[in-house]
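Hi,

Here is the structure I promised to pass on. Have a look at it first, and then read my notes below.

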Amino acid sequence: MTNRARKQFKRGLLNVITVIVALFTIFPVYWMVTTALKPKQDVFTQNPIIFPRRLTLSHFQRVLSDEGFLTFARNSIVVTLVVVAITIVVGFLAATAMARFNYRGRHASIIIILAVQMIPLEALVISMYVMLDSMGLIDRLLGVIVAYMAFGLPFTIWTLRGFVANIPVELEEAAMVDGCSRMQSFWRILLPLVMPGLVAASVFAFILAWNEFILANVVLLSSNSQTLPLWLASFQSSFREIDWSGLMASSSLFALPVIVFFVIVQGRLHEGAAAGGVKG
């Protein structure tokens, strides 16, 4: 076998493996959407219907007409947007300080951030509840906002610190030589170059705040303050009977904002280097 044939064989094998992995990844999403569109009698069949012929939107209509849906959706949107905005702003400023300035305790702070990321959320639920209770934030959206920021900031700071540290400080110095002030070099040089990192961190913060269930289930007690993940749990009754049609329809709606958010921000992943490099 020649080198060219060997390379083509390896490329073909990698393509086949990629397709198989993609199918395994996409199939659960496909099954969720098709189950939400199937009539109820087609959901509970002895032989699963992979390619449904009859489709209906009745399950989506039933879910959207639920009296608590709008309240839960509003709470989730408020919590998520506030967490993403504050986490990105604070995390970016903290990461810039850690990457650009030398101060006492700099290396210790980096180690502390790494250590915090190693602690699972489940291990901190009780202590977090006690702390929020002492501040009067139980059953309030502000309580979960504070908690999500505490868990999202270490990852954001660590991620953005790597982006800022890899940007040569000479670019900012050159901009200031050309007449830019410190703030102008920050906005015109550093910020565009860090934009891919900001996008990655914002997606992480969005998914964290949008999907989190355990802490929200402990902190948010009344239905008026609960978020969409808690609403999804209502499709399972106390007798462990699950409304699969409603659950799949609501899960499809629940996943939609994450997809839309990623589509909106993913275009910024490739704009940072070009914008910052030209302005430098």
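First, a term you'll need: a salt bridge here is a side-chain nitrogen of Lys or Arg within 4 Å of a carboxyl oxygen of Asp or Glu. A search of the whole structure turns up 3 salt bridges. In one of them, the side chains of aspartate 42 and arginine 54 meet at 2.7 Å, N to O. That pair links distant parts of the chain, 12 residues apart: aspartate 42 sits in helix α2 (residues 40-43), and arginine 54 in the loop between α2 and α3 (58-64). Helices are DSSP runs of H or I with at least four residues, strands are E runs of at least two, and both are numbered from the N terminus.

Some ground rules: this is a predicted model, where local features need pLDDT of at least 70 and side-chain atom pairs count only at pLDDT 80 or more, while totals for chains, interfaces and linings use all residues. Residues are numbered from 1 along each chain as its sequence is written, and side-chain values use heavy atoms, with hydrogens and water left out.

Now the domains. The assignment (automatic or from a database) gives domain 1 (3-42) and domain 2 (59-276). Each puts 8 residues into the contact between them, where contact means heavy atoms within 4.5 Å. Their centres, taken over C-alpha atoms, are 30 Å apart.

How much area do domain 1 and domain 2 bury between them? About 620 Å², with 72% of it on carbon and sulfur atoms; buried area is the accessible area (1.4 Å probe) that two parts lose on being put together, summed over both. The count of salt bridges between domain 1 and domain 2 is 0. On the domain 1 side, helix α1 (residues 3-37) gives the most, with 5 residues.

Finally, the unreviewed UniProt entry lists "transmembrane region" for residues 12-33, 77-98, 110-132, 144-164, 185-207 and 244-265; such annotations may be inferred rather than shown by experiment, feature names are shortened, and positions follow the numbering used here. In the model, residues 144-164 are 100% helix, with end C-alpha atoms 29 Å apart. Residues 244-265 are also 100% helix, and there the ends are 32 Å apart.

Cheers
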